[in-house]
Amino acid sequence: MEYYTLSRYAYWKYYFLVFYYRLAEYPAPVRAWLVFGSLCLLLLALIVLGNALRVFAHYRFEYLVHHTRERYYERMKMVVTQARTLEPQEISAILELPKNFKMKERQNRSFIPSLTELKQEMGESLSRPNWVRLMQTLKMPAYFESQILSRSVRKKVQGFKDVSDLDANLKEAVASRYLFTKNRKLQMHARLHAARFGTSYPFKVLEDDPNLIFTDEMVVKYHNVLVYRQKNGLAMPNFIRWCNRSPVNEELRIFAVNEIRLFKRKEDCSELLGMLEACRDEAFSCALIRTLGELEYLPAEAEFCRRYVSASFTERQVLAEALGALGSGNSETLSFMVEDFLQTTDYVTRMVLLRVIYRYGDKGKAAYEKLKAEAVPDLMPYFSHIECDLIDSRRYA
Amino acid sequence: MLEWFDSAFAVFVAIYSSILLASYVAMCILAFLEHRKHYTYHDDAYTIEELKKSPYIPGVSIVAPAYNEEKTVITNVKSLLSLDYPDFEVVIVNDGSKDKTLELLIENFDLVKVPYAYVEKIKTKPFKGLYKTRSDNPAFKRLTVVDKVNGGTKADASNAGVNVVSNKFFVCTDVDCVLDKYALYRIIWPTMASTRRVIAVSATMRMSNGSIVEEGKMVDARPPHELIPLFQDLEYTRSFLIGKTALARINALQNVSGGFGMFDRDIVIKAGGYDGDSFAEDMDMIARMVRYMCDTGEDYRIVQIPETCCWTEGPPNLKVLNRQRTRWGRGLFQFFGVHRDMVGNRNYRRYGVLTLMYIMIFELLAPVVELIGYLSILWFILRGAVNYHTIWVAYLGVYTFAQLLTMVIISFDNWVGTSFKRKSDYLWFVLASLLEPILYHPINVFFSIRGYWKHIWGTQMVWGNMTRKGVQSAKPAAPKPAAPVFTQPQEQENKNDA
């Protein structure tokens with residue numbers, strides 16, 4: 001009897017043919033179900049294996065994070081609490097790092113939770129120069145750079161987030177290559193990174209992008225970036241330029257106006273008033289009115305009164321709030337608010353007007369009492385509502 | 001004639017089941033793409049930190065109807081008030097409770113009736129009053145209690161809550177649901193990250209049976225260790241992580257759960273609020289919101305988020321499961337009667353063309369097809385027309401596919417951030433998956449058919465009392481006698497339906 005040794009390919013082919021001819025004996029539906037069942041079994045086995053590996057990797061990484069924290073946390077804390085700026089060798093000595101210290105990617109990653117915790121715990125008392133040097137000693141900037149330059153989008157995005165969380169010192173050029181990438185999320189993170197750490201004027205990409213979609217997520221993140229820049233003494237953008245130079249993006253203009261309000265830039269109010277006079281868009285005009293009102297820019301009162309007559313209910317509510325915030329005590333303003341309270345059909349506008357009148361100084365109080373005395377029974381619940389301190393009537397909707 | 005019937009039925013079953021299996025595969029692929037996107041771009045801790053710092057964070061109202069909840073209401077309201085979010089309010093609607101629910105709320109939160117100018121934007125049973133706290137406790141200041149005449153349904157109570165909410169978005173939940181501490185951050189985020197108007201957000205819900213809850217807060221999320229809630233937990237996870245995620249990916253989500261979901265208040269009001277007559281009021285609400293958006297030509301999105309934000313107590317026994325599923329079956333039948341004009345209608349975009357068609361063929365008709373299948377098998381066995389040498393292959397194929405789906409959801413859950421502390425807890429899912437096709441599925445088919453039957457013959461549904469077993473507490477508590485918590489049948493049933 002002769003024996004043949006099959007090659008790897010022939011080996012698989014042999015079993016495939018055995019399987020195929022065994023199957024061929026059965027009718028077509030049975031064959032189809034057998035193939036389907038086998039495929040399902042194969043996939044099931046692969047997924048089980050994948051899950052097992054993932055769970056194993058998870059536990060191994062958790063152990064590593066725990067180990068890193070146990071070993072380095074207190075030592076890192078010693079570094080960042082030093083008043084004197086330490087040399088890299090001194091930091092290595094405190095951390096007891098070996099000579100020619102090198103870390104694998106996952107080891108670098110295991111430091112991130114500890115570093116984040118340390119930064120949060122230390123807050124303002126953290127020594128910034130020592131923090132930067134600690135990161136350099138641990139080769140974190142190089143790690144972040146490799147993450148951002150890797151092929152995985154997740155790693156890139158996560159890299160940007162970690163840099164932002166840990167205030168890591170990274171080359172501007174690393175982020176700049178993604179400022180105009182087609183992936184909008186990645187582009188947003190790169191731009192946020194540039195806006196946070198950029199030393200020149202990093203907002204130019206925002207101003208000049210005709211395809212910009214400025215979502216509420218970006219509003220939240222850019223505001224946080226601007227707060228960071230102000231806190232760290234970095235150059236702030238010229239919001240008025242954003243208002244004027246971005247006619248294609250209404251959201252960015254509204255954001256700029258709101259930022260003027262939040263950063264209390266009263267010097268920009270005269271220009272905002274000029275914009276309001278020419279404005280036809282409701283959302284933008286509401287932002288302008290709210291800002292001018294909250295910044296108590298009294299010259300805007302006449303324009304508010306002029307707009308009121310032709311405004312929508314939403315805009316009227318904002319105008320009434322703004323007039324209340326200005327609190328000029330002007331009798332004419334008060335009288336038309338009283339008039340509109342009696343005429344308006346919208347219950348929210350009526351409530352806003354009544355609240356503003358009630359808080360509009362002595363004259364307002366007197367007008368309120370008069371209105372109350374003359375009010376029809378249907379309107380009485382509004383008065384009781386306004387007078388009750390337990391209800392936050394600003395939030396009536 | 002008999003042979004002709006055999007062949008025709010075999011062809012029908014082959015086509016039906018092939019399309020169904022193909023749709024499951026397609027949904028798995030769509031869900032995978034969505035989870036991959038979420039995994040790539042979303043970082044929970046980072047998002048929460050960003051939102052916490054921002055003055056732009058939108059306010060959220062939580063609407064939770066309560067009926068005869070005196071045993072649990074205080075703990076649950078405290079739990080809701082302790083959520084982590086800078087700007088939220090909790091609106092508890094006391095739907096004419098006959099026990100001391102309102103009195104306990106007044107006493108514990110130092111409430112007083114205030115002269116609130118109530119406007120009935122959505123028609124409800126009469127409003128009796130609104131209560132606010134006199135306490136200086138800032139957490140209590142977030143609480144509003146609405147007292148109204150009993151409307152008999154959760155829908156009516158929810159509508160009264162919607163009438164008083166002061167924020168653009170509101171979360172609809174049940175008083176006895178346990179919410180994740182960061183649930184509000186997670187559910188609001190899609191509305192901010194989307195370039196289109198988000199009108200509703202659905203979040204993943206799980207069973208709280210088996211979990212450890214302390215003071216209304218989830219301490220240790222675990223799968224239920226009893227079969228029926230365990231089956232339902234598996235079913236929920238599959239539905240949220242595959243079905244709903246896939247449909248949300250193509251903007252065709254059919255339902256935002258009444259147990260925990262966020263809605264755009266203005267659209268809900270314009271769509272007329274919840275329908276008190278519907279047995280599937282949450283699905284009906286989404287249909288009417290979609291109808292409104294499509295009729296007015298506005299662009300919209302309905303989003304599903306994979307993170308578990310809410311735990312609810314599932315039916316502990318067959319009796320309660322029967323009531324729940326019968327009601328769901330009846331609700332589904334009723335839904336298609338009310339919204340039949342939307343089915344296959346291109347005006348309602350993918351929702352009408354894809355989702356409603358799919359649900360009609362593979363959810364509404366599936367129990368009927370399955371019942372015919374069971375009867376046919378019996379008939380074939382009696383006639384000796386079954387080939388026992390090969391039939392097992394088909395069953396093995398379907399069974400293996402069911403196990404594959406379970407492994408896929410375990411992978412997805414593990415991938416997007418599981419709520420289980422111990423990975424070994426997934427073994428309970430594997431156990432449930434092995435038994436589900438044999439035990440749970442045929443029972444559900446029967447209950448659904450029963451619901452259809454009741455709807456067709458207009459049988460008045462009589463709801464019994466529900467004995468809640470309650471979730472495990474971390475602290476040992478004195479044993480309490482199980483008492484019927486709910487005496488209002490329809491309301492109680494709504495609570496059991498997530």
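This is a predicted model: local features need pLDDT of at least 70, side-chain atom pairs count only at pLDDT 80 or more; totals for chains, interfaces and linings use all residues.
**Entry 1**

**Entry 1**

Is β11(B) (residues 260-264) mostly covered or mostly uncovered? I found it mostly covered, with five of its five residues buried. In a regular strand the side chains alternate between the two faces of the sheet.

I traced the strand order next. The sheet of chain B is open and has 10 strands, in the order β3-β4-β5-β2-β1-β6-β11-β8-β12-β7, with mixed pairing. Which strands stand at the edges? They are β3 (111-114) and β7 (178-179) of chain B; each has a single partner strand, so one side of each has no neighbour in the sheet.

For β7(B), I noted two bridges to β12 (residues 301-312) of chain B, the two strands running antiparallel. B:Val178 has B:Trp311 in β12(B) as its bridge partner.

**Entry 2: a helix across the sheet**

I followed helix α6 (residues 183-193) of chain B. This helix lies across β1 (60-66), β2 (88-95), β6, β7, β8, β11 and β12 of chain B, and it runs at about 175° to β12(B).

**Entry 3: chain B as a whole**

I recorded 15 helices and 12 strands in chain B. Its radius of gyration is 23 Å, close to the 23 Å that the globule rule gives for 498 residues, so chain B is as compact as a globular protein of that length. Its C-alpha atoms fill a box of roughly 80 × 50 × 45 Å along the principal axes. Buried residues account for 48% of the 498 residues in chain B. Of the contacts in chain B between residues at least 6 apart in sequence, 80% join residues at least 24 apart.

**Entry 4: contact with chain A**

Lastly, I examined the contact between the chains, to which chain A gives 45 residues and chain B gives 39 residues. On the side of chain A that touches chain B, α2(A) gives the most, with 15 residues. By class, I noted 27 nonpolar, nine polar and nine charged residues on that side of chain A.

Notes. Residues are numbered from 1 along each chain as its sequence is written. Chains are lettered from A and ligands numbered from 1 in the order in which they are written. Two residues are in contact if their C-beta atoms, placed from the backbone, lie within 7 Å. Helices (H or I, at least four residues) and strands (E, at least two) are DSSP runs, numbered from the N terminus. Ala, Val, Leu, Ile, Met, Phe, Trp, Tyr, Cys and Pro count as nonpolar, Asp, Glu, Lys and Arg as charged, and the others, Gly among them, as polar. The radius of gyration is taken over C-alpha atoms; the globule rule is 2.2 Å times the number of residues to the power 0.38. A residue is buried if 20 or more other C-beta atoms lie within 10 Å of its own, exposed if 12 or fewer, and partly exposed in between; C-beta atoms are placed from the backbone. Two strands pair if DSSP finds at least two bridges between them. Axes are lines fitted to C-alpha atoms, for helices over the stretch in contact, and angles run from 0 to 180 degrees between N-to-C directions.
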